[in-house]
Amino acid sequence: MFSKFTSILQHAVEALAPSLPLQEDFVYHWKAITHYYIETSDDKAPVTDTNIPSHLEQMLDILVQEENERESGETGPCMEYLLHHKILETLYTLGKADCPPGMKQQVLTFYTKLLGRIRQPLLPHINVHRPVQKLIRLCGEVLATPTENEEIHFLCIVCAKLKEDPYLVNFFLENKLKGLASKGAASLITEDMLKGQDSMVTDTGQSVQPKGTAEQAEKGNDFPQQSDDLSTSLDELNVPSSPEALDVRSHGDYNLVNSLLNLTKSPDGRIAVKACEGLMLLVSLPEPAAAKCLTQSTCLCELLTDRLASLYKALPQSMDPLDIETVEGINWGLDSYSHKEDASAFPGKRALISFLSWFDYCDQLIKEAQKTTAVAMASSVRERFFVGVMEPQLMQTYVVFFIAKTDQFLPASCHLLMSLFAFSSEIGILTSTALLHRIVRQVTSDALVHEIVCFILGEQREPEKLTDINRHPLRHRLIEHCDHISDEISIMTLRMFEHLLQKPDEHILYNLVLRNLEERNYTEYKPPCQEDKDVVENGQIAGAVDLEEDPLFTDLSPDTMLSNQEWLTASPPASPEHPKNDGKTEVHKIVNSFLCLVPDEAKSSYHVEGTGYDTYLRDAHRQFRDYCAICLRWEWPGSPKPLEKCNLEAAFFEGHFLKVLFERMGRILDQPYDVNLQVTSVLSKLSLFPHPHIHEYLLDPYVNLASGCRSLFSVIVRVVGDLMVRIQRIPDFTPKLLLVRKRLLGLEPEGPIVDHMTLLEGVIVLEEFCKELAAIAFVKYHASSTP
């Protein structure tokens with residue numbers, strides 16, 4: 001009570017006293033602080049019961065006022081006094097001793113306001129960055145301390161200053177040396193480099209006792225000398241002034257990062273978020289030395305991945321894939337989920353949001369990071385999380401199903417138990433695949449995208465062989481899951497691949513498809529002759545197959561085909577003098593080929609308004625434009641590789657991915673509706689890529705296939721042939737087909753189950769898929785013919 005009265009009285013006296021020059025006033029307040037340690041004998045009273053906070057605030061106000069009164073960049077006498085007398089060193093010592101109690105909090109606040117309110121650069125001064133570095137070491141040592149809020153604000157203001165002038169980070173890379181070659185080398189070493197060399201440097205962090213301070217003051221009356229006694233003087237050591245000075249470092253420490261990493265574990269969410277923000281500022285600094293030290297001398301990579309792994313392991317073993325796919329509120333800085341306030345809560349939602357939020361932070365951190373740092377962090381996430389934690393979950397079902405299918409002579413109880421295990425594993429693989437799909441959909445940083453791609457697909461780029469299933473087991477397993485006995489697993493895996501194809505990484509498409517089409521050995525090469533160069537009067541290229549002469553299409557009416565005249569604006573005229581040389585069959589032939597694949601009696605779209613072919617053109621144009629933007633930097637060729645330069649003798653294999661998709665497409669009449677939608681969606685995405693070999697293999701019905709080879713068009717032709725046979729066995733096929741289409745569109749209420757529902761739904765999907773392929777072919781041709 002008496003101390004508070006004294007403080008009030010002192011404030012009144014200062015208000016009534018005549019104003020002193022700024023320097024005298026500044027020195028007065030500083031001496032008032034030091035006299036406290038000389039005169040007081042009670043080191044247990046909290047600092048808030050003293051005048052120290054008031055004096056520190058007054059000193060800050062004087063420094064700000066002095067800077068405002070001077071020209072920009074000019075250092076005033078008060079700031080000179082603070083630097084020359086090492087006031088920050090002294091305050092650090094008092095803050096570390098926390099004498100009186102609460103002094104550490106006051107010192108942190110003073111440092112934070114000093115760096116934040118003074119505009120001129122202070123950190124380049126040795127008597128500023130040296131005590132700042134020491135104070136950084138005190139931050140985050142113990143979690144949930146009363147000073148945690150002040151610690152994070154102090155660290156964040158330091159990060160902000162380094163962001164303004166990235167080279168200053170070199171002052172905060174502490175290093176330990178095994179030895180010094182000469183005394184001359186010592187002039188390049190800061191005190192921070194000599195951390196731990198007790199025989200050379202005095203520890204300035206020893207506790208300061210009031211009695212001891214008073215005894216030191218009695219030895220001399222000169223205040224500057226007293227100030228020097230309160231802090232360790234290292235004037236003989238200089239700061240490195242060039243990158244060459246950093247070459248003598250052998251082992252690095254990055255205490256600013258370490259302190260922030262500690263505070264990311266704070267139970268106070270606000271503190272943890274601020275620490276994450278500080279780390280994001282530091283990883284973006286362009287200084288190579290800082291990037292190297294950050295990845296090699298801190299536990300940043302380990303903390304990121306270990307926390308990601310622990311949050312993943314905290315998830316329930318089984319979750320609804322729809323919940324994983326649709327959960328919202330994923331933002332690492334706004335992770336404030338309340339179970340009580342959530343009307344759509346489900347078991348594990350809290351854990352799922354925490355995991356996805358932390359993954360979002362890792363992704364954004366890598367996205368903002370300097371290139372070297374980004375690659376190191378992304379590689380760590382792949383090795384320590386994806387390979388170490390997720391891969392076993394994705395690979396688990398193979399062993400269970402193998403046992404369940406081979407041990408046929410076990411008792412019934414054993415088979416029941418194994419079936420339960422198999423069901424449990426299916427739920428587990430479905431959950432882990434859904435999580436992988438969500439991660440693929442969510443990731444945005446290039447470095448992490450590439451590591452995820454290599455994790456899923458491997459790094460192989462040579463053409464595939466049928467015996468290559470063990471080259472990258474996870475890739476083969478996931479492709480197998482596209483044709484899994486469980487439709488849910490198949491759909492989820494196909495969705496994952498669909499989103500993977502949309503990521504801006506060239507290796508995805510090359511690994512899955514392009515490496516197998518590079519030599520064009522799916523084609524049969526015929527040397528050109530004079531007859532091939534002639535153009536038929538109706539505009540059809542010589543040697544091309546006319547659909548009207550194909551036995552599969554003899555029953556088609558001319559009304560269902562698009563006339564050549566409709567495509568004149570998009571198809572450049574061909575003539576003997578100017579033959580087409582872009583390797584593409586004329587677009588109207590290709591479009592009609594796809595539109596005429598499904599026979600009239602199997603078509604139902606023309607009975608329903610708004611389901612015509614033209615509805616796909618707008619979507620195809622938008623999607624193709626987006627895909628072209630993604631592929632622009634990959635420098636793909638504009639035309640197919642000349643057949644004369646291709647190795648056509650090599651055996652052709654479309655690759656495991658296309659093999660599974662083609663097999664699924666071949667069963668479109670016997671598969672569930674949702675599976676068919678997903679299979680055709682993936683194939684249409686592949687068709688959109690602007691690579692000439694993909695276009696030729698997936699969208700050119702007139703390509704001369706080599707013996708034993710198949711293309712997307714030939715697969716569909718086989719399906720149509722099967723359909724025409726099966727139609728004859730189903731009475732009232734067309735009315736039933738129209739009814740099913742209207743039910744799917746919501747135009748008819750659900751009623752009695754229609755016979756052959758799976759087949760009818762498959763026919764509808766087939767018709768729509770052919771229209772979509774026709775639209776894609778037209779849009780791609782139009783884009784390639786437009787200058």
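How many residues does helix 13 have, and how far does helix 13 reach from its first C-alpha to its last? I looked this up in a predicted model, in which local features need pLDDT of at least 70, side-chain atom pairs count only at pLDDT 80 or more, and totals for chains, interfaces and linings use all residues. Residues are numbered from 1 along each chain as its sequence is written, and side-chain values use heavy atoms, with hydrogens and water left out.

**Helix 13**

I found that helix 13 (residues 269-283) has 15 residues and reaches 21 Å, close to the 21 Å expected at 1.5 Å a residue; the expected span is 1.5 Å times one less than the number of residues. Helices are DSSP runs of H or I with at least four residues, and strands are runs of E with at least two, numbered from the N terminus.

I noted buried residues in helix 13, among them Ile 271, Cys 276 and Met 280. Buried means under 20% relative accessible area with a 1.4 Å probe, protein chains only. The buried residues of helix 13 pack against several helices, including helix 8 (148-164) and helix 18 (371-395).

**Thr 523**

I located Thr 523 in the loop between helix 24 (506-517) and helix 25 (530-533). Is Thr 523 buried or exposed? Thr 523 counts as buried because its relative accessibility is 6%. I also recorded that its side chain reaches the backbone oxygen of Arg 520 at 2.8 Å. Beyond neighbours within four places in sequence, Thr 523 is in contact (heavy atoms within 4.5 Å) with residues including Leu 643, Glu 696 and Ala 706.

**Whole chain**

I recorded 33 helices and two strands in the protein chain. Of its 787 residues, 52% count as buried.

Notes. Buried means under 20% relative accessible area, exposed over 50%, partly exposed in between (1.4 Å probe, protein chains only). A polar contact is a pair of N or O atoms within 3.5 Å; within protein, one must be able to donate a hydrogen and the other to accept it, and residues adjacent in sequence count only if both atoms are side-chain atoms.
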